[in-house]
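Let's take a walk through this structure together, one piece at a time. Have the model open and follow along.

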Amino acid sequence: MEYSKYNRYEFALESTCLSDDMLSKFWRRKNSRIKGNIRLETGNQKAIINCQVENLKHYEKSQYLYKLILLGKKNGKAIFANCGTIDMNPQGKGHINYNFNPSTIGPNQSGLHEFSSVIIASISTINPDETMYPVLFAGLPMLDSTAIQPEVVDVASFFNVEKPTVKAARHDEPPKNYNSYYNEFLKISCDNMHKVIDLYEKVYPFGDALTDIRWYRVTNIMSLPFINTSYSFAVSDYFKTNKSVDSNTFISCQDLSSRHRHFIFGIKDNDDRKSLPTYYFGIPGLYKKEDQPDGGKSGFTYWQRVATSEGERTGYGYWLIGINGLDGKIMEINSN
């Protein structure tokens, strides 16, 4: 892949697979979450990563250091690139600027497009046998929307982090219902995006429609908290050959957002200001079946046309879905 054209990406870092008990040893303030953001720029066969973090505990004697690491898979094997040590201050803030050649990174001399994730990991300088703990994580944006998305590495397995033990179900107990797990995941994902909402560009895509919702443009496609059905159905015929989608295969949210290099995230505050807000996601596309995410089966059944700067309606728009901020359940949107 060529990196001659200038591109710039900004996205937020989020908490990883670690429990709060494991992460708490790296918190500077116990009542505040660790957070961070990344700015990635490429062009003229060069690249730079600028990373900022907040609320990471500063160890005066450097018992722990924080490393910026790229992760991915190549030929079925995990690959990584150590981008250096975060420069921390006593206030819990840190930064790093990493300049590199995007065509040859890490010990495997891999291209930037082969990496799927960026991690902030802690490493002990006292005990070399202690596990490295991933404290912040973000999926890298697809640098080429026509390329095959890189394989995602299991962060917990890569860092040898112990996962919760799965207990065998007893036959004399009624089976538990785990369907709420996906809704909980949606709620947590929305809450995390809400916490770092100032990192995203505020937009007004619909003119005088849906004005009670605050909309933000998000370019980190991998932060979409929805199942990527392209993996379930391989790659859709529409994406591969530009033919019509057959009756069994639909285009995914990730496919459409990658094609247009963004999606939008909305927040609607309740009237009493005390209840949790309602969240919204908007996937760019035209009002036609071939552009409807998952054929509408995942809840994207409402389409809203975009307004131009003059207030006129265009043929371009967004497929919208609502998420209940209380329980993460998908909400149907109507025209009222």
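Predicted model: local features only at pLDDT ≥ 70, side-chain atom pairs only at ≥ 80, totals over all residues.

Two strands count as paired if DSSP finds at least two bridges between them. With that in hand, look at strand E4 (residues 64-74) and E5: they pair in the antiparallel sense over seven bridges. To see one of these up close, find Leu70, whose bridge partner in E5 is Ala81.

Now zoom out to the sheet around them. Nine strands make up an open sheet, and if you read across it the order is E5-E4-E8-E9-E1-E2-E3-E7-E6, with antiparallel pairing. At the edges stand strand E5 (77-85) and strand E6 (87-88); each has a single partner strand, so one side of each is left without a neighbour in the sheet.

Next, the aromatic rings. A pair of aromatic rings is described by the distance of the centres and the angle of the planes. How many aromatic pairs does a search of the whole structure find? It finds 13. One of them joins Phe226 and Phe281 edge-to-face, at 5.1 Å centre to centre with 85° between the planes. This pair links distant parts of the chain, 55 residues apart: Phe226 sits in the loop between strand E11 (214-218) and helix H4 (229-232), and Phe281 in strand E13 (residues 278-286). Both Phe226 and Phe281 are buried.

Phe265 and Tyr279 make another aromatic pair, this one stacked, with 5.6 Å centre to centre and 20° between the planes. Phe265 is in strand E12 (residues 263-268) and Tyr279 in strand E13, so the pair ties together parts that are 14 residues apart in sequence. Are these two buried or exposed? Buried means under 20% relative accessible area. Phe265 has a relative accessible area of 0%, so it is buried, and Tyr279, at 2% relative accessibility, counts as buried too.

Note on methods. Residues numbered from 1 in each chain as written. Heavy atoms only, no water. Phe/Tyr/Trp six-rings, centres within 6.5 Å; stacked < 30°, edge-to-face > 60°. Helix = DSSP H or I, 4+ residues; strand = E, 2+ residues; numbered from the N terminus. Buried < 20%, exposed > 50% of the residue type's maximum accessible area, 1.4 Å probe, protein only.
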